[in-house]
Amino acid sequence: MSEEGEEGQHEFQEVSIILPCSQDFVLIWLHLFAGTSDDFHAVTDKHSLDIGPASDQAITEIRPTKCHNSSKSISCQQPYERLAHEIVSSPVLEARSDHIGIKAKVQKLVEDLTSDSLETLRTTTAELRLLTKINANNRRVIADYGAISLLVNLLNSTDTKIQENAVTALVNLSINNNCKTIIVQANAIEPLIHVLQTGSSEAKENSAATLGSLSVVDDYQVNIGRSGAIGPLVDLLRNGTPQGKKDAATALFNLSLLSENKEKIVEAGSIKHLVKMMDPATGMVEKAVVVLANLASIDEGRIEIVREGGIALLVDTIELGSARAKEYAAAALLWLCAITRGFCIVAIQEGAIPPLVALSQTGTGRAKEKARALLSCFSRNKLVAQC
């Protein structure tokens with residue numbers, strides 16, 4: 001999803017009209033914008049997941065950094081996986097921002113969100129969408145002026161552009177941890193599911209991304225899972241755009257951290273589609289294998305992974321994947337093999353031993369632990385010599 005083109009022109013026009021100033025200032029402003037990403041989707045994955053130690057006796061589930069909700073705020077040790085790059089403002093730009101009165105502008109836009117005119121709503125939501133992607137201060141101001149509940153109401157709009165703008169503004173706002181609370185308190189989960197089921201491709205992507213952003217909070221994993229979001233997320237995993245599939249996988253990973261959601265995710269038919277995403281040609285191996293590693297912790301998940309031919313793909317990933325993908329694939333395979341001796345035999349027949357030996361020597365710290373635990377598992381079951 002990209003917002004180059006029309007919105008990029010909008011940014012230039014806004015500077016040239018609202019910021020009458022020297023040519024040098026305009027050049028500085030345009031230079032700062034030239035390298036920025038568009039909305040929530042343009043950001044590189046930097047979220048590091050903690051797989052935890054492994055041993056012959058215990059297998060630890062992959063878990064990301066947790067967010068904890070309190071009555072005052074949400075505190076995260078690490079940012080969400082797809083946080084947007086923020087523009088670094090100089091003192092001159094900050095003073096100029098104060099000068100043009102961002103608060104007054106936002107107040108007027110929020111008032112316009114109650115308009116009965118579709119054209120006004122299209123224009124207003126587009127401007128808020130643009131403002132939410134610029135910097136953290138804009139997001140705080142927009143939330144402070146009460147825009148979130150009004151944007152949530154517009155998720156039910158039958159106008160495609162209004163709905164797209166509203167959900168994109170919300171996913172940008174959800175970068176802010178306190179905004180996550182406000183979004184959930186505005187009863188946004190069911191409207192987001194509605195967009196996930198009925199919206200345009202872009203709207204579905206950003207609805208899934210919003211649910212993914214919210215689901216880093218423990219309490220919201222429960223709410224989202226019990227609100228019926230899992231089925232539509234799996235549908236997006238099957239039928240969505242490449243970006244939509246990535247967003248769905250991220251949300252499903254977060255939801256799979258809660259035990260009660262794992263069985264629901266498996267029952268919704270997710271594993272078949274996750275295994276397909278393990279094909280390197282999709283460019284989604286890491287997204288898929290992280291979810292599979294969590295789902296492998298339950299019996300139903302292990303059975304489906306094996307049924308869909310997942311062991312061969314896990315072995316291939318251990319051999320040929322990125323460092324992160326190898327780590328997750330080893331964790332998933334360890335869940336399978338430590339529980340069921342027959343799965344050990346299948347893994348060995350698929351050629352698991354050579355790449356595991358290599359991984360045990362050259363992988364990341366946790367990958368080495370998983371690989372050694374798998375090799376120990378094979379040895380303990382006296383399978384190496386047999387195979």
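Here is our chat about it, from confidence down to single residues.

Modeller: Ground rules first: this is a predicted model, where local features need pLDDT of at least 70 and side-chain atom pairs count only at pLDDT 80 or more, while totals for chains, interfaces and linings use all residues. Residues are numbered from 1 along each chain as its sequence is written, and side-chain values use heavy atoms, with hydrogens and water left out.

Colleague: What pLDDT does the chain average?

Modeller: pLDDT is the predictor's confidence in each residue, from 0 to 100. In this chain, 72% of the residues score at least 70. The average comes to 81.

Colleague: Which helix has the lowest confidence?

Modeller: Helices here are DSSP runs of H or I with at least four residues, strands are runs of E with at least two, and both are numbered from the N terminus. By mean pLDDT, the top of the range is helix α11 (residues 201–214), at 98.

Colleague: How many contacts beyond four places in sequence does the model have for residues 42–66?

Modeller: A contact means heavy atoms within 4.5 Å. The pLDDT stays under 50 across residues 42–66. Where pLDDT is low, the predicted coordinates should not be read in detail. With that said, the model's count for this stretch is 84.

Colleague: How many helices are in the secondary structure of the chain?

Modeller: There are two strands in the chain. The rest of the tally is helical, and it comes to 23 helices.

Colleague: What share of the residues in the chain is buried?

Modeller: Buried means under 20% relative accessible area (exposed is over 50%, partly exposed in between; 1.4 Å probe, protein chains only). The chain has 387 residues, and the buried share is 51%.

Colleague: Why is α14 described as largely enclosed?

Modeller: Helix α14 (residues 242–255) has 14 residues. What covers its buried residues includes α11, α12, α13, α15, α16 and α17. α14 is largely enclosed by the rest of the structure because the number of its 14 residues that are buried is 11.

Colleague: Is I162 buried or exposed?

Modeller: I162 lies in helix α8 (residues 160–173). Leaving aside neighbours within four places in sequence, I162 touches L118, L121, R122, T125, L154 and S157. L121 is 41 residues away in sequence but 6.6 Å away in space, C-alpha to C-alpha. With a relative accessible area of 0%, I162 is buried.

Colleague: And what relative accessibility does T132 have?

Modeller: T132 sits in helix α5 (residues 118–132). Beyond its neighbours within four places in sequence, T132 is in contact with R139, I142, A169, N172 and L173. T132 counts as buried because its relative accessibility is 0%.

Colleague: Last one: which backbone nitrogen does the side chain of N176 reach?

Modeller: N176 is in the loop between α8 and α9. N176 counts as buried because its relative accessibility is 18%. At 2.8 Å, its side chain reaches the backbone nitrogen of N178.

Notes:
The expected span of a helix is 1.5 Å times one less than its number of residues. A polar contact is a pair of N or O atoms within 3.5 Å; within protein, one must be able to donate a hydrogen and the other to accept it, and residues adjacent in sequence count only if both atoms are side-chain atoms.
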